[in-house]
Amino acid sequence: MIQLAVYGKGGIGKSTTASNLAAAMSEKGLRVMQIGCDPKADSTASLRGGQMPTVLGLIRKYKDDFKLEDMVRIGFGGVVCVEAGGPVPGLGCAGRGIIAALKKLRQKGAYEKYRPDVVLYDVLGDVVCGGFSMPMHRGYADRVFIVTSGENMSIHAAANIAMAVENFRGRGYASLGGLILNRRNVKNEEEKVRELAGDFHTAIAGTLDWSETVQDAEALGKTVVEAFPESAMAGRYRGLAERVLLLCGEGKPC
Amino acid sequence: MLKKLGRSGGRGGPEVRIRDARFPEPFASGLEYNAPARGPWNIVHTGMLIPGAHQIFACAQGCLRGVVLTAAEMNAMDRMSWISVSESDLFDGSMERNIIDGAADILDRIDPLPPAVLLFISCIHLFAGCDFEMILGELRGRFPRVDFADCYMNPTMRKSGLTPDQLMRRQLYSLLRPRKKDEKCVNLIGNDRPTDESSELLAMIREAGFGLRDITLCGTYEDYQKMAGSAVNLTCLPAAAAAGEELERRLGQKHLYLPLSYSRQEIAENYAKLARVLGVEAPDFSGAAARAEEALGAARRVVGDAPVAIDYTATPRPLGLARLLLEHGFAVRKVYADVFSGEERADFDWLKQNAPELAVSATVRPEMRFAARVAPGEKVLAIGQKAAYFCGTGRFVNIVAGGGMYGFDGIARLAGLMADAYLREKDTRTVIQYKGLGCESCL
């Protein structure tokens, strides 16, 4: 089983990237599980459509009196979709929410039941506390991929995330798999991201051009891979999925 | 906002007739009161059962008070250390490092090193996502001759997942290392005190040629480790079952749960199960059952129609015990319990049908701080410290968690204790203030 986490600044396109990777991997016949670790609970929306309960919402409502199946929805290509959810906005601790949700998934036997070949953790924003580093811990993601553009704030967030991965070196946590450049067409974009990759001894795992196709698919509530399978952008996502799998050892533990 | 405490019945109040009670939680939860009956064991008492083990608590100083006082009262301060946690640990990301360095510093000062350390983390570590495995891994690397167990003092999470009692009893055996199995040896696990030698349970085991190991009988750490070599783990208390399940999974020791019971049929079924595992014929227990009946009859003659109250700290089956006593003519008036175990369902239904006026009283509802004591002159017999405290009686059976009694012999012995308690009053205030019934006390 390959487990990978997608981090990056809020709004940079993590969920779009993760969902399209999940869709592209499922096309290859892989069993994929995507776990949204964001209180907004919209990580998997383009894979499954409609509403779905969050793990924290279920815990709040039923304590432990609910089933594994209540926590998941099966989306495009059979992708198993999970949303960790979060606390009441403005109150509570989102980091603790991620910890509780991931532990609950494990306790309910999600990994044994669905036996995914690939697990994607789509993690909110920056690694601001212990809860947001949970998907990096031993037993969860083996590789971290950081989505970034060349915008300064995005580069800054990516550096912080890479720093957290580096700080955890020696603990047997996830290692840095690479950066995913999601272009915003700013000046010297590739150069800046390449420099960041060099600073952390990693590489750009893939580049995604800005594309209206992505917006069009989003408007349909679908991934590009599902909505426009013949498009160039779908091809880019498929290519990125191949590259990510390669970096993760193609089915072997990373 | 502060509210004046009412005295209404039902889920909103502290007492309800069993005919109106809900199962398994008869009372609404909320602000809790803790009666000054200190006999039931806490995590410190339980942890001290591992011979030679040292306990290290990492938590805020305010939370340390209870555990330190427990260790002090049981004259075991040399077996406990602590690392205090403060707000600044959260700011600088040093929480995990402080536990590692603190524990290492403590161990560097202990000569000789203890064979085992029970390292307790607290709620804040779990909130913050501390990596306990990493902490333990580093300590194991630095102190390879010490066994480290992960333990938890996390009262904010006591109602989600395993209870603190279940968790502690499970972790107590987590240090057992795999070793060659002795097919002729069984463990009795999860108890705080040895089971009575007179019980049919122990007689069956011994007569079948099996050795018996029990942490309460271990004199050395090696004795404790030998428990890993037993082929079977027996558990009798509901709080111990998780330990048995975990050892079956981890060490391949067969787990046999033989719940403490006051039902003749269930006791017989338990012994039949045990006989199958031991590979022997189930003995004829009609003599033991008859002796239990005789003892109950004798106790009834002594106690007469005096009201009887039972609390959940005395036995995990207070409803089962109430049923047994009612069936034998005792005037059981009240059961003190905040929640019932699932195993009590059949007895709950029986009592609803056959003793609908039986009162069920909470122990932790805040109104219990002001609970009315029994009218002066009424001779109440209580079974358990909390029942004694709430009933204001000196006539009480001083046991916790079943008191080591089991089977028909256990019923006979309990009946004997009831008669004795009724005839010889105790100084309740003095007796119930000792922490951890059966443990050493400096008081």
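These questions and answers concern a predicted model with chains A and B.

Q: What makes Glu189(A), Val193(A), Leu196(A) and Ala197(A) count as buried?
A: A residue is called buried if 20 or more other C-beta atoms lie within 10 Å of its own. These four residues of helix H8 (residues 189-199) of chain A are buried, so each of them meets that cut-off.

Q: What do the buried residues of H8(A) pack against?
A: Their partners in chain A are strand S6 (143-148), helix H7 (152-167), strand S7 (175-182) and strand S8 (204-208). Just after H8(A), His201(A) has a positive phi of about 55°.

Q: Why are S3 and S5 of chain B said to stand at the edges?
A: The open sheet has four strands in the order S3-S2-S4-S5 (chain B), with parallel pairing. Strand S3 (80-84) and strand S5 (147-153) each have a single partner strand, so one side of each lacks a neighbour in the sheet. Neighbouring strands are turned by 20° against each other on average, direction ignored.

Q: Which strands of chain B does helix H2 lie across?
A: Helix H2 (residues 61-73) of chain B lies across S2, S3, S4 and S5 of chain B, and runs at about 160° to S2(B). Helix H4 (residues 95-108) of chain B also packs on the sheet, where H4 touches S2, S3 and S4 of chain B. The direction of H4 makes about 150° with that of S3(B).

Q: What makes residues of domain 2 and domain 3 of chain B count as in contact?
A: The test is that their C-beta atoms, placed from the backbone, lie within 7 Å. In chain B, 18 residues of domain 2 are in contact with 19 residues of domain 3. The domain 2 side has nine nonpolar, five polar and four charged residues.

Q: How many residues of chain B are in contact with chain A?
A: Eight residues of chain B are in contact with 13 residues of chain A. The chain B side divides into four nonpolar, two polar and two charged residues.

How values were computed. Residues numbered from 1 in each chain as written. Chains lettered and ligands numbered in written order. Predicted model: local features only at pLDDT ≥ 70, side-chain atom pairs only at ≥ 80, totals over all residues. Contact = placed C-beta atoms within 7 Å. Nonpolar A, V, L, I, M, F, W, Y, C, P; charged D, E, K, R; others polar. Buried ≥ 20, exposed ≤ 12 C-beta atoms within 10 Å, placed from the backbone. Helix = DSSP H or I, 4+ residues; strand = E, 2+ residues; numbered from the N terminus. Pairing = 2+ DSSP bridges. Axes fitted to C-alpha atoms, helices over the stretch in contact; angles between N-to-C directions.
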